[in-house]
Amino acid sequence: CWVCLVGGGIMPRRYLTFSPGEHFHLYNRGVNRDIIFFDDDNYAFFLHNILRYMLPVVDIVAYCLMPNHYHILIRVKETSEVEPTSEVSRMMMKLAVSYTKGLNHRYDRVGPLFQGAFQAKHISSTAYLFQVIGYIHYNPVEAELVRSPEDWIFSSSRAYLGLEISQILSVETLLDLGGLANYLEVKNTNLISPPHPNTPNT
């Protein structure tokens, strides 16, 4: 089965099961690794779409929006009202379509913005979860955009460090992970900085 996307693209039905209570790393990048965020308003529009389309279905554990790609770490909400796998795929399609339509209209462009369907990896352990959180927050540092993760304002790093309040990040999720002190303890080790395999960082 195939789902049509903006600009004539197609998205194959996803066979990964998004089970309630489980964590997943979602990511995608621009076609030909092109820019998907052209100015600060674009980042704000994408974050607004996360609030609109994602929060009814998942909790946001961490995120980072980079000039030509994004990373979003989620936990699927416990609910009996929806079929989680189809709802997660549907919310991501709505997110991509809304954002692409908005930018196409604003910049008088046509065609797809993203390189196919979003990618997803299941997070199988707490140790791996912290590693992915660190990888996501360190993306701007690896790209030499900033010196420290908290200097990049389009990620959840500042909220983790208590430097700002996020409307997107799930406070309950951070508490479930052991709170800020536990995050900082792990952050100061080499556990969370290695690159995540097979994910876009350029």
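**Confidence first**

I checked the scores of this predicted model: the average pLDDT (the predictor's confidence in each residue, from 0 to 100) is 82, and 75% of the residues score at least 70. Residues 1–12 fall below 50, and I found 27 contacts for this stretch beyond near neighbours in sequence; contact means heavy atoms within 4.5 Å. Residues 190–198 also stay under 50, with 21 contacts beyond four places in sequence.

Ground rules I noted: residues are numbered from 1 along each chain as its sequence is written, and side-chain values use heavy atoms, with hydrogens and water left out. Local features need pLDDT of at least 70, side-chain atom pairs count only at pLDDT 80 or more, and totals for chains, interfaces and linings use all residues.

**Fold**

I looked up six helices and six strands, taken as DSSP runs (helices H or I, at least four residues; strands E, at least two) and numbered from the N terminus. Their order is β-β-β-α-β-β-α-β-α-α-α-α. Of contacts between residues at least 6 apart in sequence, 72% join residues at least 24 apart.

**Burial**

I get 48% of the 202 residues as buried, meaning under 20% relative accessible area with a 1.4 Å probe, protein chains only.

**His137**

I find His137 in helix α3 (residues 126–142). His137 counts as buried because its relative accessible area is 0%. Its side chain reaches the backbone nitrogen of Ser157 at 3.4 Å.

Note on methods
Buried means under 20% relative accessible area, exposed over 50%, partly exposed in between (1.4 Å probe, protein chains only). A polar contact is a pair of N or O atoms within 3.5 Å; within protein, one must be able to donate a hydrogen and the other to accept it, and residues adjacent in sequence count only if both atoms are side-chain atoms.
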